[in-house]
Every structure is written in C-alpha cells, then in structure tokens.
Amino acid sequence: MPLPIAQIDAFTDAPFGGNPAGVCLLPSPRDEAWMQAVAREMNCANTAFLVPDGGEYRIRWFTPAAEVDLCGHATLASAHWLWETGALSRDTPVRFHSKSGPLGATLADGWITLDFPATPPAPADAPPELEGALGARSVCVERSKFDYLVELDSDATVRALAPDLAAVSRIRTRGVIVTARSADPKFDFVSRFFAPAIGIPEDPVTGSAHCALAPYWSARLRKQAMSAYQASARGGVLRLALAGDRVRLSGRAVTVLRAELLA
C-alpha cells in the first residue's frame, strides 16, 4: 500500500528556506534498514518516521547515514504535517515518544512551539585538532550531550567560516556548533552546525543544537527568552525560551512536496 511522504521546510515561512525534512507516516513500525534506505533516498538532513500510538505518535529520525537520538526541525515538520493533513486538529497539541523521551508541539499564530529537553553544555578541553578543523580561534569551548559548542569572536567570523569538513568528521562527537553574539539587533545570537560524521556536512537549521545554545546564551545574556538565527546558506529563525530543564523552540514550516512511497 502506498505510504504518504512529504518534504517540509522547517524554521522558515517561505519555501526553499530553513531546513528541509522528510516526514513519513507509517501505519505500523518498520525495520531500521528500511527506514535508513528511505532516508538515503530522501537525502534530507533528517527524515522522521511516525507511528500512531493511541492519540500520540512514536517518532524516529534518520539522516542519510545514521539514526539520531534527537532532531528539532524534523519534529517541527512532523507536527506541521499532522495538523496540515487533518490527522490532528490544529488546536490539539502533538505528543511524541522518542529516544530522548517525551516531546511536545503546539500551534499558535502560525508558530509551532516544541517542548524539548535542554542539553546544557559544560566547559571542556578542546580536541587538539578542533581549531585547525574550523579554521578559527575559539573564545570558549564547551561540550553538550551530543556536540562541541564553540563560541567565536564575532557574528562575521561565524558567517564566513569555511571549515575543513573532513577534519571535522574525525572529531569524536555528533557535530560541532559554532556561535557568536548577533550583530543584528533582531537576534541575540547566531550559529552554524557541522556534522559530517553523520552525513550532514552543514545542517541548515538545527533545533537540537539550540537545546544547548539556549542554556549557554541564557547564562551569558541573563535572558530566558531569546531570538536566534542559524546563518547557513538557507538560513532559519528560531524563538527560544528556557524553562528549567526544558527548552521551548518555536518556528514556522512550509510543505514543499507531497508524494507516495511505493517501495
């Protein structure tokens, strides 16, 4: 039986911006090899697979190369798809069960807000090869549950960065977040995210990275609510609110492709 599948641009209000995610709604679980093959075929940074569980959904995320434990943009895209297709009414919150525990999503005024676990980083010794791989001097290096977080000296340095991705892929972590205070008063900070080791040379907009960025910048800016810009070529805007050990990540989404999966 054909399966509905979609490509949705997350953390943007316009097609071909933000971060594209695949979303596939399954009537029942499928094996990991099949989901990995579909993710390779979609060739998005992440493809989410949803299985109904009562009035809630089980969710798993695959890059073209590997399964990941947490993904923000594909979760935001999944919630958007469930509301857009009428699987859930727009005033019904979405509840997901994942490898990172329970996750939630709500919709208000066109903005989807995700309820995610915070992954606060802690000071860490930088791997000797880190600055060379990035091609920039660090101001501060910390490490979260998933990634190294590297503060650089300026917004301009973050935007101009051209890392050696082969060298970044050899660093023993999911990926590397680079960040700095924003030069644009509309935003508190900017970031970029590189994860070539899991098949994502540069992720356009990374919700899960902001689970570390939110507590990092909240402590420095002394703010609980912030606005962030991920300065990839596609770019993306996020609203953030730190709430204890949770982060509220808000963004918009646009469906750009609907299809049927026949394999």
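Ala-136 is buried, at a relative accessible area of 14% (buried means under 20%, exposed over 50%, partly exposed in between, with a 1.4 Å probe and protein chains only). The model is predicted: local features need pLDDT of at least 70, side-chain atom pairs count only at pLDDT 80 or more, and totals for chains, interfaces and linings use all residues. Residues are numbered from 1 along each chain as its sequence is written, and side-chain values use heavy atoms, with hydrogens and water left out.

Ala-136 sits in the loop between helix H3 (130–134) and strand E10 (140–143). Helices (H or I, at least four residues) and strands (E, at least two) are DSSP runs, numbered from the N terminus. Leaving out residues up to four places away in sequence, Ala-136 touches Glu-131, Leu-152, Thr-157 and Leu-161; contact means heavy atoms within 4.5 Å. Ala-136 and Leu-161 are 25 residues apart in sequence, and their C-alpha atoms are 7.6 Å apart.

Val-168 belongs to helix H5 (residues 165–169). Val-168 counts as buried because its relative accessibility is 4%. Its contacts, not counting residues up to four places away in sequence, are Ala-133, Pro-163, Val-176, Phe-194 and Pro-196. Ala-195 is 27 residues from Val-168 in sequence, with a C-alpha to C-alpha distance of 7.6 Å.

In soluble globular proteins, nonpolar side chains tend to be buried together. The largest nonpolar core holds 56 residues. A nonpolar core is a set of buried Ala, Val, Leu, Ile, Met, Phe, Trp, Tyr and Cys residues joined through side-chain atoms within 4.5 Å. Trp-61, Val-94, Phe-96, Ala-105 and Ile-112 have the most contacts inside the largest core. Apart from this core lies another, of 18 residues, including Ala-133, Val-158, Val-178 and Phe-194. Beyond its neighbours within four places in sequence, Val-94 contacts Tyr-57, Ala-79, Leu-82, Trp-83, Leu-88, Leu-103, Gly-104 and Ala-105.

Strand E6 (residues 94–98) pairs with strand E7 (residues 101–108) in the antiparallel sense, over 5 bridges. Two strands pair if DSSP finds at least two bridges between them. A hairpin of 2 residues joins E6 to E7. Arg-95 stands opposite Gly-104 in E7. E7 also pairs with strand E8 (residues 111–117), in the antiparallel sense and over 5 bridges. Here Ala-108 has Trp-111 of E8 as its bridge partner. Between E7 and E8 the hairpin again has 2 residues. Asp-109, in this turn, has a positive phi of about 55°.

The count of disulfides is 0, a disulfide being a pair of cysteine sulfur atoms within 2.5 Å. Cys-71 is in no disulfide; the nearest cysteine sulfur, in Cys-44, is 10 Å away. Cys-71 is buried, at 4% relative accessibility. The sulfur of Cys-211 is 10 Å from the closest cysteine sulfur, that of Cys-71, and so too far for a bond. Cys-211 is buried, with a relative accessible area of 0%.

Across the whole structure, 1 cavity of 30 Å³ or more is found. On a 1 Å grid over the protein atoms alone, a cavity is a set of points where a 1.4 Å probe fits but cannot get out; lining residues have an atom within 4 Å of a point. The largest cavity has a volume of about 90 Å³, where volume is the space filled by probe spheres set on the points, and points are joined across faces, edges and corners. Its lining comprises 15 residues; Asn-46, Arg-174, Ile-200, Asp-203 and Ser-208 lie nearest its centre. Helix H2 (72–84) and strand E14 (200–203) are the elements that give two or more residues to this lining.

Key: On a 1 Å grid over the protein atoms alone, a cavity is a set of points where a 1.4 Å probe fits but cannot get out, and a pocket is an open set with protein on both sides within 12 Å along at least five of seven lines; lining residues have an atom within 4 Å of a point.
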